[in-house]
Amino acid sequence: MAKNLLIVESPAKAKTINKYLGKDFQVLASYGHVRDLKPKEGAVDTEHGFAMAYEIIERNEKHVDAIAKAAKLADDIYLATDLDREGEAISWHISEILKERGLTKGKQLHRVVFSEITPKAIKAAVAAPRQLSHDLVDAQQARRALDYLVGFNLSPVLWRKVQRGLSAGRVQSPALRMIVEREEEIEAFKAREYWTIEAQLKHAEGDFAARLSRLNGKKFEQFDLTSEADAHAARDALKQAARGRLTVSEVSSKERKRRPAAPFTTSTLQQEAARKLGFTTSRTMKVAQGLYEGVALGSEGNVGLITYMRTDSTMLGEDAVAELRQLIARDFGGHALPDAPQVYKTKSKNAQEAHEAIRPTSAMHTPKSVAAFLNDDQRKLYELIWKRTVACQMIHATLNTVTVEFAVRDVAGGDAAFRSSGTTVVDPGFLAVYEEGRDQKNAEDDDEGRRLPRLAVDEQVPLHDIVADQHFTEPPPRYSEASLVKALEEYGIGRPSTYASIIQVLQNREYVFLDSRRFKPTDVGRAVSKFLTQHFTRYVDYDFTARLEDELDAVSRGEEAWVPLMQRFWQPFKQQVEEKTESVDRSEATGARELGSDPKTGKPVSVRLGRFGPYAAIGTKDDADKPTFASLRPGQSMHTITLAEALELFKLPRQLGSAPNGEEVSVAIGRFGPFVKQGGTYASLKPEDDPYTIELPRALQIVQEKLEMLANRLILDFGNGVQVLNGRYGAYITDGEKNARIPKEQEPKELTEAQCLELLAAAPARKPGRFGKKGATKKAAAKKAAPAKKTAVKKAASKKVAAKKTPAKKAAAKKTATKKAAAKRPATSKTGA
């Protein structure tokens, strides 16, 4: 039996490490977190020093039991979970569980950390263990307690004031505010017209263009020409003065150097993978995790290809730099190496422990050499990391920018000038390997790669034409995943390891959605953000959130105690929750708007947020007549809809005319979407059909298709509710409550009533669907009640016997599972809403 037990987080990592440590070590995985707060109110005891009530996560109970069993037999226990706060907390939880079970007496508990999974790194970590860092554990506990207190106390306020099933988070809420505020900026934006003027020049070495840079004796600014008349007048004057050619008045050349980008941190990796590979943050982290934990490289076995992927640091270890310089000299030549290694300063003011940047564990594992062993995502991400890391240790790129000025004399209103620039690469340096992406292009990007012909002062260049182009200013762009991560980092909101989960939560809660790979808030998201910004301003304030992160970092460094931090947060927060629960009006909280009056009735037209989403209403609950309601159409927002657009919604149901048999045909929207009704037949519209514009012929076609489908569906009908029908997966028997399969050898058309009843009796009861009839379920339950009694007695007896043999902890686990199910119910009811 192995003398030592080493515990890591994932089975993939365990598999890779197992071969490095030999027979004296048994390597087991915790499968992530092993304990969490009990999912009920009071799990953080605010009256007694914020004591936290933990329980083992149900899905990981068997892994905890396996660790406990191995720990009982081991001499020494090595806690080798990840090297960040989360990893430290998991190690602490494992140690606490083992202590509670009395499995640590007389044994050494060692904490080992490593940033790469290589034989050298693993053996070095095991040879130099340390004690658990309680400062890191306290910081993680404080973070978890804060998130719990915000969620458990603020979410119910949202349920009462906005919509059931919503949630608020300490970090997700400021992130949502960012997206919503950007949307409001876009809506408030007023486009301004402006014109540019460009000279199109002909030259033997190649045609090129020059932009107007001076007009009427002064520098040409963006809004100097704001109308077509002014722009064309200026163009005509310039053409007249130029007389078919422009004269070179000045040629300047400037050489500049561009340094390579720093090696990847978690944040920059997420941004660049989004820009260049189109990966979401969660996809990037999942793929990176696989590369870190180990990939089977043929005869080499499992190899961890990159260092730990959650880091704020841009530091590279000495051994890594030496290997990178060796590779650069070999593959790119000595001239590509700077005299000394490139050193990068970490930008993050709260960079965690001295981790390394994300880099290949060995630069000699080139993308080409490992490509055959990686899947497509792994190959793309590994190549990105490898290239960025190699480039960061290469010589700077040398660029030469040539700028040519063309003066135009004798122009009405004063002299003018055109300017053209071109940038060429003198020495590519690191650009031979990698160039960082950008979210938005600038003027320099346009110049790069453009080569101007050789021109001299006083040289005259033939003018092909001068053109004036109309433009309009554009609103700020919506956030992409890359730009949102960048903004979160700049504001100090969250930490790189949390960005992926923040974005995922906002999407899962349907507060935001991606439109052309840019985040757009939903009406629910806007209502939540508006409510929190107005009534819990401090807790969605960017500076407050960033300061709280700073304080948590101070706890992790041992500079601040976590309980006083919690007290400073909790008291004013609790008071504000209690006050706002009583004082805030629901209509105001949901962002309800009154748009105007209905021309027909004179009643007010408003838009509101309801249980099933945004809707328009004519009238109020105080009117003698009930108000009429209409759901907003896909793509419409209650924050931007106009009165005219809202009134259009009330044109349903629409009477389209009569069918050939005289039945009335109408179109409307129901609970399951838009539909056509002809007599007693209902048929859903296809996605391409619009209920507001559909005409009678198309509606009749949809009904006919439904009738044909129904006709083809019925194979046999015995007149007593028992039918043989064609279904999506073939023929089947039904009596309305149960469905029965038809044996393969049996021809459906030849079935008798007796055969059908026999097959239905043997079929299992049909589970009620999302909108299944409760009555049918109750009837089925009543039928089963009598025979179930004997079974229940037998089960109870067998459970009694089993209970004597089952340890108490399993009973507790079942109790926990029940509590968890209960805690999750609100979310389920929201989904069903």
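Which helix gives the most to the lining of the largest cavity? The legends below begin with that view; the model shown is predicted.

**Figure 1. Lining of the largest cavity in the predicted model.** The structure holds four cavities of 30 Å³ or more, and the volume of the largest is about 50 Å³. Its lining is made up of V150, R170, Y539, F544, T545, L548, F569 and F573. Helix α17 gives the most to this lining, with three residues. Both α17 (542-556) and α18 (562-583) supply at least two of the lining residues. By residue class, the lining divides into six nonpolar residues, one polar and one charged.

**Figure 2. The aromatic pair F544 and F569.** Across the whole structure, a search finds 16 aromatic pairs. F544 and F569 form one that is stacked, with 6.4 Å from centre to centre and 25° between the planes. The pair links distant parts of the chain, since F544 belongs to helix α17 and F569 to helix α18, 25 residues apart. F544 has a relative accessible area of 10% and is therefore buried. F569, at 4%, is buried as well. Ring pairs also join Y539, F544, F569, W570 and F573 into a cluster.

**Figure 3. The aromatic pair F675 and Y682.** The ring centres of F675 and Y682 lie 5.6 Å apart. Their planes meet at 50°, so the pair is tilted. Y682 counts as partly exposed because its relative accessibility is 43%.

**Figure 4. An open sheet of four strands.** The strand order is β20-β21-β22-β23, and the pairing is antiparallel. At the edges are β20 (593-597) and β23 (628-631), each of which pairs on one side only. Neighbouring strands of the sheet are turned by 25° against each other on average, direction ignored. Within the sheet, β21 (residues 604-610) and β22 (residues 613-618) run antiparallel and are joined by six bridges. L609 has P614 in β22 as its bridge partner.

**Figure 5. Strand β16 and its pairing with β10 and β15.** Strands of a sheet pair through backbone hydrogen bonds, either parallel or antiparallel. Strand β15 (residues 397-408) is joined to β16 by eleven bridges, and the two run antiparallel. In this pairing, V402 stands opposite G422 in β16. Strand β10 (residues 208-215) is joined to β16 (residues 416-427) by three bridges, also in the antiparallel sense. Here R211 stands opposite R419 in β16.

**Figure 6. Strand β17 and its pairing with β9 and β12.** Nine bridges connect β9 (residues 193-201) with β17 (residues 460-472), and the pairing is antiparallel. Q200 has D465 in β17 as its bridge partner. Strand β12 (residues 245-258) pairs with β17 over three bridges, in the antiparallel sense. T247 stands opposite Q460 of β17 in this pairing.

**Figure 7. Backbone geometry at Y31 and S516.** Y31 is not a glycine, yet it has a positive phi of about 60°. The residue lies in the loop between β2 (25-29) and β3 (35-37). With a relative accessibility of 38%, Y31 counts as partly exposed. S516, likewise not a glycine, has a positive phi of about 55°. The loop that holds S516 runs between β18 (512-515) and β19 (518-521). S516 counts as exposed because its relative accessibility is 67%.

**Figure 8. The cis peptide bond from L652 to P653.** The bond that leads from L652 to P653 is cis, with omega near 0°. P653 is placed in the loop between α20 (643-648) and β24 (654-658).

Technical notes:
Residues are numbered from 1 along each chain as its sequence is written. This is a predicted model: local features need pLDDT of at least 70, side-chain atom pairs count only at pLDDT 80 or more; totals for chains, interfaces and linings use all residues. Side-chain values use heavy atoms; hydrogens and water are left out. On a 1 Å grid over the protein atoms alone, a cavity is a set of points where a 1.4 Å probe fits but cannot get out, and a pocket is an open set with protein on both sides within 12 Å along at least five of seven lines; lining residues have an atom within 4 Å of a point. Grid points are joined across faces, edges and corners, and a volume is the space filled by probe spheres set on the points. Ala, Val, Leu, Ile, Met, Phe, Trp, Tyr, Cys and Pro count as nonpolar, Asp, Glu, Lys and Arg as charged, and the others, Gly among them, as polar. Two strands pair if DSSP finds at least two bridges between them. Axes are lines fitted to C-alpha atoms, for helices over the stretch in contact, and angles run from 0 to 180 degrees between N-to-C directions. Rings of Phe, Tyr and Trp (its six-membered ring) pair if their centres lie within 6.5 Å; planes under 30 degrees apart count as stacked, over 60 as edge-to-face and the rest as tilted. Buried means under 20% relative accessible area, exposed over 50%, partly exposed in between (1.4 Å probe, protein chains only).
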